[in-house]
Number of protein chains: 2
Amino acid sequence: MKTATFTLEATDGDARAGVLRTAHGEIPTPIFMPVGTQASVKGLTPDELESAGARIILANAYHLYLRPGADIIEAAGGLHAFMSWPQPILTDSGGFQVFSLASLGTVDDEGYHFASHLDGTRHTFTPESVVALQEKLGSDIAMVLDDVAPAGVDERRAREAAQRTLEWAQRAAAARRRTDQLAFAIVQGSTFEELRRENARALAELDFPGYAIGGLWVGEAKNHSLAMTRIVCDELPADKPRYVMGVGTPEDMLACIARGADMFDCVYPTRCARHALALTMRGRLNLRNARFATDFAPIDPSCQCPTCARFSRAYLSHCFRANEMLAPRVVSLHNIWMMLRLSEAARAAIQAGRFETWSEGVLASLGAAGREG
Amino acid sequence: MKTATFTLEATDGDARAGVLRTAHGEIPTPIFMPVGTQASVKGLTPDELESAGARIILANAYHLYLRPGADIIEAAGGLHAFMSWPQPILTDSGGFQVFSLASLGTVDDEGYHFASHLDGTRHTFTPESVVALQEKLGSDIAMVLDDVAPAGVDERRAREAAQRTLEWAQRAAAARRRTDQLAFAIVQGSTFEELRRENARALAELDFPGYAIGGLWVGEAKNHSLAMTRIVCDELPADKPRYVMGVGTPEDMLACIARGADMFDCVYPTRCARHALALTMRGRLNLRNARFATDFAPIDPSCQCPTCARFSRAYLSHCFRANEMLAPRVVSLHNIWMMLRLSEAARAAIQAGRFETWSEGVLASLGAAGREG
């Protein structure tokens, strides 16, 4: 008997702990996934990511299609070999990037027609071409192309996007050739509850190995994002992993776990680090703040990461002021470390049946930090 | 009996192999010293520098005086603790940086009067204040303040600078308090042979624990730099280490070793890395070159560094094009690694009495690389 792709190991309220099996290894959930858009998690080596406990990272099919091109990555032996990352990789389809980065873009039933944000050349992405692209890249999880409709679009457009996303998911499923790659469908529907429900139900019937919630966490009110996350999770099958795209902060990740989501990705920890923001269980520290110039404690005295073992806030503060590239690098490692410890701890709390209590404690601590930082 | 600060272990022609003893450990010579001007070797952690075999690094008293300030570094427990580097540190006095970076600077017998390149504030460096500054920083080797006269100044100015450098060296020696810090004097004299000889002889009589050759390798013709290096080395006592400031490329380091110099520092390997230039024993590779986009070999197949173990030229080429900060970081590590292997190999060749033959082979290989890169 074939081993299930996803096993739900424990539930605690709506929160879930599970294991997702991929061609490059098993992924415990809930899981935070560091983002390496251009086949590099900014500033960090694969060794560091593994030491931080990363179990899966993201890359982006749109970016890699434009540069260096899928042929080069295929010639390298696939994305894992190209970037020297031996564990699972999820590739986003590029729909959101076309939507947010490319210019002069149009979408129709065929797909996206857009101009590269790098050189203005014209390209078309179809559900089928994006499947082929990601099969060439060789990622473990491939997102289907979706028609992104964020908060703020009218219901007509939201309905069109959800319907098109459904049709594209069917076309993508039909186009698949590789059996060692899991395709995840993406639920759209903007902030329209009934649309989200309908889209989730219809996609669930297509029996994809996993589902994502797209078009959220891009600037809309947080209560909308959380409401949509709950609604969609309620509709999705329990035996499939649920990935909330673009989440996020520690607080947002915990809120989504509480609503039944399993997988999360965000540039937040590495982007924060480049802006001198260190994440701790007691909130965010702005290392450019004057008071850190003479603070010889580590970022987080309770943290076991190599950055906290080696460097003081004062030294990192100096390095940020002096524009030393060491600072964003080692704070990125710390921040990724922190997010991964948080998703690990959430999993342990769910398995122990004390997620809500644990989460309340963490959120109070994170909030205390907000006052402090 | 007190152990000698410097022991000359072997000579081969004019090339020398020795050991320099400092408060934070012994340094085999010849040695390349990575530069961490602002208390950070750009992009690299102390762990990486140690894994690359670094035995001593540089920092700059002028830069650290301006930012973060010596009081903060003293409060951290000194420069070693501040930057988390347990091995020897040499601090440059700042004379050259005042000369090259500060604006509205004047020099007189008292010292340098200058405006900070960061915020325009006015400061004065005297031989005595620079001793006190470096004693506060707690470096193992402190350079005396020198009056820098590079190639191109007239003989009157060169003579003035050499004479002033001599007087400042005497004042610096008188101002010293710490016994766990070695002061190195700096020979000036521009490109005037007789001035260089006189200055070296006069400084040698002051019995400093080490000597540096300053004011060279800043853009003048290389045959001048090498001629001055030979002349000064001939005048300096054999039982003291000789440090050629600002060298340099692999070729220049070998040429200076052949002329009797022992210690070298340069931003060359890390600066090259930030410009996508990888150093190899077969010359420099420009990783932005189109042909590397599909070259899946490591930078140098014979190199044992973590970068060559993990990443291909094609991947690094992609990361440079995509402005991924991982690329300058890991190529910096490779380049530092290469320079350290080169100074280690030079030492072994001297001890084996085959420096000239070995060096000719290396230079031929480096030149072959120049054609290739």
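Predicted model: local features only at pLDDT ≥ 70, side-chain atom pairs only at ≥ 80, totals over all residues.
The buried set runs through B:Arg313, B:Ala314, B:Tyr315, B:Leu316, B:Ser317, B:His318, B:Cys319 and B:Phe320. What do these residues pack against? Part of the answer sits in the other chain: α2 (61–66) and α4 (79–83) of chain A are both touched by the buried residues of α13(B). The remaining partners belong to chain B, namely α11 (268–274), β16 (283–286), α12 (306–310) and α14 (326–351).

Over in chain A, the pairing of α13 (residues 313–321) with α14 (residues 326–351) can be described in more detail. The two helices pack at an angle of about 130 degrees, and their axes are 8 Å apart. An angle of that kind makes α13(A) oblique to α14(A). On the α13(A) side, the contact is made by A:Tyr315, A:Leu316, A:Cys319 and A:Phe320. Facing them from α14(A) are A:Leu326, A:Ala327, A:Pro328, A:Val330 and A:Val331. By class, the residues of this contact come out as 9 nonpolar, with no polar and no charged ones. As a general point, an α-helix has 3.6 residues a turn, so residues three or four places apart point the same way.

Sorted by class, the lining of the largest cavity has 9 nonpolar, 2 polar and 2 charged residues.

That leaves the backbone. Most residues other than glycine have a negative phi, and most peptide bonds are trans. Several spots here go the other way. In chain A, the bond between A:Thr29 and A:Pro30 is cis, with omega about 0 degrees; A:Pro30 belongs to the loop between β3 (25–29) and β4 (31–33). Chain B has a cis bond between B:Arg67 and B:Pro68, where omega is about 10 degrees. There, B:Pro68 sits in the loop between α2 (61–66) and α3 (70–75) of chain B.

Positive phi values turn up in chain B loops too. B:Ser84 is not a glycine, yet its phi is positive at about 60 degrees. This serine falls in the loop between α4 (79–83) and β6 (89–92) of chain B. Is B:Ser84 buried or exposed? Its relative accessible area is 14%, so B:Ser84 counts as buried. B:Trp217, another residue other than glycine, has a positive phi near 60 degrees. The loop in question runs between β12 (210–213) and α9 (222–235) of chain B. With a relative accessible area of 16%, B:Trp217 is buried.

Technical notes: Residues numbered from 1 in each chain as written. Chains lettered and ligands numbered in written order. Heavy atoms only, no water. Nonpolar A, V, L, I, M, F, W, Y, C, P; charged D, E, K, R; others polar. Helix = DSSP H or I, 4+ residues; strand = E, 2+ residues; numbered from the N terminus. Buried < 20%, exposed > 50% of the residue type's maximum accessible area, 1.4 Å probe, protein only. Axes fitted to C-alpha atoms, helices over the stretch in contact; angles between N-to-C directions. Parallel < 35°, antiparallel > 145°, perpendicular 65-115°, else oblique. Contact = heavy atoms within 4.5 Å.
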